[in-house]
Amino acid sequence: MNTTLLLASVLDDFRSSNALKYIVELAYVLAMALFIFSLHWMSDPKTARKGVFAGVWGMTAAILATWAGGNVTQHLWVLAPVLLSIFPGMKLANVPITAVPQRTAVSHAFGGLAAGLVGTAEFFRWFLDANLHHEMTPFRVSALLVEIVLGYLTFTGSVIAAGKLQEVKWIPQRPWVYPGQNLVNGIAAIGAIVLAVMIVMNPTAPMAPYYFGGVIVLSLIFGPMLVLPIGGADMPTVIAILNSYAGLSAVAMGFVLDNKLLIIAGALDGSSGLILAIIMCKAMNRSFGNVLFGAFGQVQAKAAGGEQKQYKPDTPENAAAIMEQASLVVIVPGYGLAVAQAQHKVRELYDQLKKKGVSVKFAIHPVAGRMPGHMNVLLAEAEIPYTDLVEMDEINPDMPQCDVCLVLGANDVVNPCARHDKASPIYGMPIIDADKAKAVFAVKRSKNPGFAGIDNELYFLDKTYMLFGDAKAVVGELVKNLAPSSSMH
Amino acid sequence: MRSSLTPVRCVAAASALAFASAPALASQEATGAPAPDASTGLYYISMITVFMLATFIGIGAIRRVSRLLHTPLMSLTNAISAIAVVGSIMVAGASSPETPLSVRIMGSVAVFASMTNIISGFMITDRMLKMFKTEGGKA
């Protein structure tokens, strides 16, 4: 009992002096350094897991320092949500790997919501208490408005993005566009800016909370307006942009709360999202503006109505026989692979071919799948060594030596139209040179054009043979034909 | 040769950030004010400096991340940007008794959202990274 008393008095002493404040600030500096190390270690798969531990420790230091820092005394209000978050947190961490894009969108939504709510709470705390009116400097109020706008639009935008990725029924899969869309968005944006300026000019005016409410409503509407017109093929870019917004809203929160840790951690996330978005845009030869306002996929109706060309269907038996003779097989995976959950079957195919002395590589296009790096994680889950997952720029010089190119659920990323057809919406996009391989087998679910709705020239080349069917079933057939038991009879 | 983000440079950059923020802290101490005054415009400039430096560090570090790991990178930065939990805790658990209930509730929901991101973000990143193996099965 004496010790508890002693401890209490020591703690009391700490509180009254400035020591605690210093400890908190030092803990924040430690957290900043750990976060930077965390990203640094992600540069290599060998050190990447260390990066996670650095991040966890940084976050732990930041949370404990804040909680114990003396400004927080209503512990139940913090403890309850922390405990409540454990279950959904674990649940979201254990989704199937194919659902990772949706999970990422959901976490952007949570990040946006948190930023929006903290901004709103701060505004009303200042507004309702006349003693705190001096806190509402123009700089802070502007930062606060940036925070809530980014926060709320990331929230609703990410909810829609998650819905699209999950393919729920009430969200249209095709881009949702109407004439004058950009005009309507523009007017709404100007409205929000006008309201924001009025708040900054006089944040304590009796009307200010109503303007504030108006900004919130407009931001909530903006999210869906930004995401609904965007097609599935552009999802990687959108996810990266929303990632960036979630980070920037944390930065703005840092400006509002005078907290450098928030600014730094938010800036790290913001720059990460930005770089990923730039990489995605480059990989599609499109600009930011074009992705956000261009409504990709509008062209599809025209493209589909072209002249009828003939596919050359083939059987898995033949394909397997040809692959067996090959020395290099390159597999080009795409979103279709994720949809069919075919990654484990692909691993069996990989094993069978390796056993027969065939070398197998995977050609990964930066925008294959629905988020940056999607295909890599999917194939890594099936325990395919990451050393055989090759980037587009590295594999393309080897494509002429490739005996068989197996296109698995990919479409636009192997379409030679991108090189020469100026009318094509994907013109100029860097592609994997599947057409330079000696033979091509393309696995396709149906005879309809792909997600972007563009006819693929590759499918009509003399050396291309189509294997129609679900990716998992077709690969399964290939494996069966390659397996030693089938060669016995 | 491309310059690399060595640990030494990381520490140097982090201390640069700490120094950038030091004057602001010092001025806060000197005036004894709980929060910096509106008149200290310099304080805001020091914060913008911090933001700028952090963005450069971020860009430098992210550009070196292997494309293999872009998905885990995104879930890791998700978890890191849930640092918003710091702001949420300050709002939800604020000592001042005048804090309205609605403000506390908003803060609590924000704590919940951020903590969910922290837990799921770090856990799924580690889960994904464990999957990346070389031929011999080594990570």
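A helix here is a DSSP run of H or I at least four residues long, and helices are numbered from the N terminus. By that rule, Ile275(A) lies in helix α10 of chain A, which covers residues 260-284. The model described below is predicted.

## Confidence

For the complex, the predictor gives an ipTM of 0.85 and a pTM of 0.84. In chain B the average pLDDT is 78, and 68% of the residues score at least 70. Among the elements of this chain, α5(B) has the highest mean pLDDT, 94, while α1(B) has the lowest, 51.

Two stretches of chain B need to be read with these scores in mind. Residues 1-5 of chain B have a pLDDT below 50, and beyond near neighbours in sequence this stretch has 5 contacts in the model. The pLDDT is also below 50 over residues 23-36 of chain B, a stretch with 15 contacts in the model beyond near neighbours in sequence.

## Chain B

Chain B contains 5 helices and 0 strands. Read from the N terminus on, its elements follow the pattern α-α-α-α-α. The chain has 139 residues, of which 50% count as buried. Of the contacts in chain B with a separation of 6 or more, 63% are between residues 24 or more positions apart.

## The sheet of chain A

In chain A, 6 strands form an open sheet with parallel pairing, in the order β3-β2-β1-β4-β5-β6. The edge strands are β3 (389-391) and β6 (464-468) of chain A, each of which pairs on one side only. On average, neighbouring strands of this sheet are turned by 25° against each other, direction ignored. Helix α16 of chain A (residues 374-381) packs on the sheet and touches β1 (328-333), β2 (359-364) and β3 of that chain. The direction of this helix makes about 145° with that of β2(A).

The pairings can be followed from strand to strand. β1(A) pairs with β2(A) in the parallel sense over 4 bridges, and Leu328(A) stands opposite Ser359(A) in β2(A). β1(A) also pairs with β4(A), in the parallel sense and over 5 bridges. There, Val332(A) has Val407(A) in β4(A) as its bridge partner. Strand β4 of chain A (residues 404-408) is joined to β5(A) by 5 bridges, in the parallel sense. Cys405(A) stands opposite Val440(A) in β5(A), and the bridge partner of Val440(A) in β6(A) is Thr464(A). Strand β5 of chain A (residues 439-444) and β6(A) run parallel and are joined by 5 bridges, with Ala442(A) opposite Met466(A) in β6(A). As for burial, β1(A) is mostly covered, with 5 of its 6 residues buried; β5(A) is likewise mostly covered, with 5 of its 6 residues buried.

## Where the chains meet

The contact between the chains takes 105 residues from chain A and 91 residues from chain B. On the side of chain B that touches chain A, at least two residues are supplied by each of α1 (7-31), α2 (41-63), α3 (70-81), α4 (84-92) and α5 (101-131) of chain B. α5(B) gives the most to this side, with 28 residues. By type, the residues on the side of chain B that touches chain A are 57 nonpolar, 25 polar and 9 charged.

## Core and selected residues

The largest nonpolar core has 210 residues. The residues with the most contacts inside this core are Ala62(A), Val215(A), Leu262(A), Val332(A), Val407(A), Ile83(B) and Ala84(B). Val332(A) and Val407(A), both named here, are also the bridge partners that link β1(A) and β4(A). Leaving aside its neighbours within four places in sequence, Ile83(B) is in contact with Ala62(A), Ala250(A), Leu261(A), Leu262(A), Ala265(A) and Gly266(A).

Why is Ile275(A) counted as buried? A residue is buried if 20 or more other C-beta atoms lie within 10 Å of its own. Ile275(A) is buried because 21 other C-beta atoms lie within 10 Å. Apart from neighbours within four places in sequence, Ile275(A) is in contact with Ile59(B), Ile62(B) and Arg63(B). Asn94(A) is 181 residues from Ile275(A) along the chain, and the C-alpha atoms of the two are separated by 27 Å.

Key: Residues are numbered from 1 along each chain as its sequence is written. Chains are lettered from A and ligands numbered from 1 in the order in which they are written. This is a predicted model: local features need pLDDT of at least 70, side-chain atom pairs count only at pLDDT 80 or more; totals for chains, interfaces and linings use all residues. Two strands pair if DSSP finds at least two bridges between them. Axes are lines fitted to C-alpha atoms, for helices over the stretch in contact, and angles run from 0 to 180 degrees between N-to-C directions. Two residues are in contact if their C-beta atoms, placed from the backbone, lie within 7 Å. Ala, Val, Leu, Ile, Met, Phe, Trp, Tyr, Cys and Pro count as nonpolar, Asp, Glu, Lys and Arg as charged, and the others, Gly among them, as polar. A nonpolar core is a set of buried Ala, Val, Leu, Ile, Met, Phe, Trp, Tyr and Cys residues joined through C-beta atoms within 7 Å. A residue is buried if 20 or more other C-beta atoms lie within 10 Å of its own, exposed if 12 or fewer, and partly exposed in between; C-beta atoms are placed from the backbone. pLDDT is the predictor's confidence in each residue, from 0 to 100.
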